[in-house]
Amino acid sequence: MRSLAIETHVVGDGGGLTLPRDDIIAAFSNAGVDLTFTEGDAIDVDPAQSALTSYEDLVADYRAKDRSFGHLIIGKLSPHPGRDVVGELLDLASRGVAAVYTSSEYIQAAGEDGLAQTAAHELGHMCNLSHGDVSTAYQSTMERATSRTEAVSDAWAFAAAEAKTVEPAYYSAPARIPACYPFALQARSLLNTLSPSQTDPWGSPFEHTGEAADDTWRASCAISLRAHSSPCRVGGPLAFDLLVRNTSEHPVRVPFRLHPTFGGVSVRVHGPDGASHVHQPRTLGCSSRSRILPPGDAMRYPFCSLRGPSGGLFTRAGRHAVAVTLAGLGPQPAPLELQIDPSPAPSPEARRVTRWLTGGARRPSRPQHQAFTAVVRGGALDPATRAIAALALYRRARDPDSAADLWRHATAAGAPAAVRHRAVVLEAMRRRAADGLSRAMIDDLIDAHLDPNLDIAVAHQLQELAG
Ligand SMILES: [Zn+2]
């Protein structure tokens with residue numbers, strides 16, 4: 001029997017919920033995995049809300065000091081604005097750390113059963129299982145949260161019946177029905193046949209194969225790509241909008257998030273020398289939400305990244321093509337053609353800031369924060385990179401004046417939509433935490449920074465924050 005050793009870390013009071021360990025252990029044991037939990041150090045401040053630490057920092061800490069366990073963080077808020085992200089594999093490079101977010105709307109509504117289901121799902125990702133490792137006959141652990149609607153006992157009854165008809169079934173009947181779903185046959189088979197380095201935490205990278213084309217929306221929608229308006233330069237970011245328009249005559253349910261970080265879509269950049277690379281997200285987030293798009297309406301999903309295979313994204317000037325691929329079959333927009341201009345030799349300070357950003361913008365020391373802030377205020381960075389840097393520093397700013405100044409740079413003209421949206425939502429969260437958020441402020445933020453026809457999801461998040 002395979003074994004999986006997990007250390008748990010609870011943020012604050014864990015949202016008042018206790019992880020139903022026995023249920024999760026039963027679901028893994030059914031699939032041939034001997035799961036053990038050990039209680040690790042608690043996390044006092046919520047990494048999603050702290051200027052001093054972040055989930056990226058925690059991953060770096062665990063990677064440096066403790067790789068004898070996989071680490072499961074029982075978090076509160078997710079680091080992604082909004083309450084739809086239920087859990088996340090925080091380390092796609094070696095699958096060592098995952099989190100569940102007890103303040104998410106899904107776990108808030110489903111309580112400890114929802115926590116058990118989400119934790120089992122995220123630990124499934126930690127063992128290299130994807131959203132494609134599911135069954136068409138019954139609902140199972142790796143189903144996305146939006147699709148986990150069937151009674152858990154029905155799913156176990158179907159899984160038990162199926163196990164009698166296949167060989168090998170990798171199925172040992174649980175002593176009692178746990179609160180979480182069974183693993184599908186495909187998932188159980190992988191858990192038992194992949195090599196240990198492919199399933200053990202801190203092993204091989206997460207493999208994105210098998211992502212299911214689980215949505216029918218693409219047949220009803222036209223998808224297009226639009227470049228961010230400012231010129232693209234060597235060393236600068238890739239920023240574009242993915243636009244989804246409902247061209248049918250009926251309302252269509254579309255994903256709330258459409259981004260490599262949430263699976264189902266990949267971004268490939270083809271360079272002028274014929275070489276190409278796929279953008280690698282750092283984490284895999286699991287969202288519980290979708291959105292109804294009325295006929296004729298469009299939604300914008302902005303993308304912005306600075307990271308390429310060896311640090312910067314565009315390493316040489318010339319024509320680049322950006323192709324976006326949606327999982328499974330379906331319409332695919334024509335590639336975006338970009339002319340990348342040579343950039344003047346960056347100053348050593350600008351290069352240091354860019355290196356910090358492409359390396360994940362980890363916890364800066366106080367002098368580093370001051371030095372990088374000075375670079376943002378100076379003219380050494382292109383407008384898009386400056387906005388990205390300003391946003392990363394804004395999240396770590398300790399005094400309000402510096403935060404306000406950085407926020408202005410993050411939302412200035414030339415800031416990519418992805419950066420601006422995140423800055424606007426974070427600012428609303430910050431004001432709410434200080435008890436200073438009014439409806440009028442939300443309306444001002446929407447008027448000044450969003451396109452009300454396209455940015456429906458962000459506007460909705462802001463309205464929710466106002467309560
Ligand atoms: Zn997931």
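Me: Let's begin with S7, then: which strand does it pair with, and in what sense?
Reply: Strand S7 (residues 232–233) pairs with strand S18 (residues 336–341) in the parallel sense, over two bridges. Two strands count as paired here if DSSP finds at least two bridges between them. Helices (H or I, at least four residues) and strands (E, at least two) are DSSP runs that are numbered from the N terminus. This is a predicted model, in which local features need pLDDT of at least 70 and side-chain atom pairs count only at pLDDT 80 or more, while totals for chains, interfaces and linings use all residues. Residues are numbered from 1 along each chain as its sequence is written.

Me: Which residue of S18 is opposite Cys-232?
Reply: Cys-232 stands opposite Ile-340 in S18.

Me: And how does S17 pair with S18?
Reply: Strand S17 (residues 318–326) pairs with S18 in the antiparallel sense over five bridges, and within S18 it is Glu-337 that stands opposite Ala-321. As background, strands of a sheet pair through backbone hydrogen bonds, either parallel or antiparallel.

Me: What is the strand order in the open sheet of six strands?
Reply: The order is S2-S1-S3-S5-S4-S12, and the pairing in this open sheet is mixed. Its edge strands are strand S2 (33–39) and strand S12 (284–287), each of which pairs on one side only. From one strand to the next the twist averages 20 degrees, where angles run from 0 to 180 degrees between N-to-C directions and axes are lines fitted to C-alpha atoms, for helices over the stretch in contact.

Me: How many bridges join S4 to S12?
Reply: Strand S4 (residues 85–89) is joined to S12 by four bridges, and the two run antiparallel; Glu-88, for example, stands opposite Gly-285 in S12.

Me: Which strands does helix H1 touch?
Reply: Helix H1 (residues 21–30) packs on the sheet and touches strand S1 (2–10) and S2, and its direction makes about 155 degrees with that of S2. Two residues are in contact if their C-beta atoms, placed from the backbone, lie within 7 Å.

Me: What about the three-stranded sheet, what is its order?
Reply: That open sheet has the order S6-S8-S14, with antiparallel pairing. Strand S6 (221–227) and strand S14 (298–305) are at its edges with a single partner strand each, so one side of each is left without a neighbour in the sheet. Strand S8 (residues 238–246) pairs with S14 over eight bridges in the antiparallel sense, and Met-299 in S14 is the bridge partner of Val-244.

Me: Changing topic to helices: at what angle do H7 and H9 pack?
Reply: Helix H7 (residues 348–358) and helix H9 (residues 383–395) pack at an angle of about 65 degrees, with their axes 11 Å apart. The contact is made by Val-353, Thr-354 and Leu-357 of H7 together with Thr-385, Ile-388, Ala-389 and Ala-392 of H9.

Me: And which residues of H8 meet H9?
Reply: His-369, Phe-372, Thr-373 and Val-376 in H8 meet Arg-386, Ala-389, Ala-390 and Leu-393 in H9. The axes of helix H8 (residues 366–377) and H9 come within 10 Å and cross at roughly 150 degrees.

Me: Where is the cis peptide bond?
Reply: A cis peptide bond joins Glu-167 and Pro-168, with omega about -5 degrees, and Pro-168 lies in the loop between helix H4 (152–163) and helix H5 (185–193).

Me: What is phi of Arg-95 near?
Reply: Phi of Arg-95 is near 60 degrees, which is a positive value in a residue other than glycine, and Arg-95 lies in the loop between S4 and strand S5 (97–101). For context, most residues other than glycine have a negative phi, and most peptide bonds are trans.

Me: Last topic, the whole chain: how many helices and strands does it have?
Reply: The protein chain has 13 helices and 18 strands. Its radius of gyration is 22 Å, close to the 23 Å that the globule rule gives for 467 residues, so the chain is as compact as a globular protein of that length. The radius is taken over C-alpha atoms, and the globule rule is 2.2 Å times the number of residues to the power 0.38.
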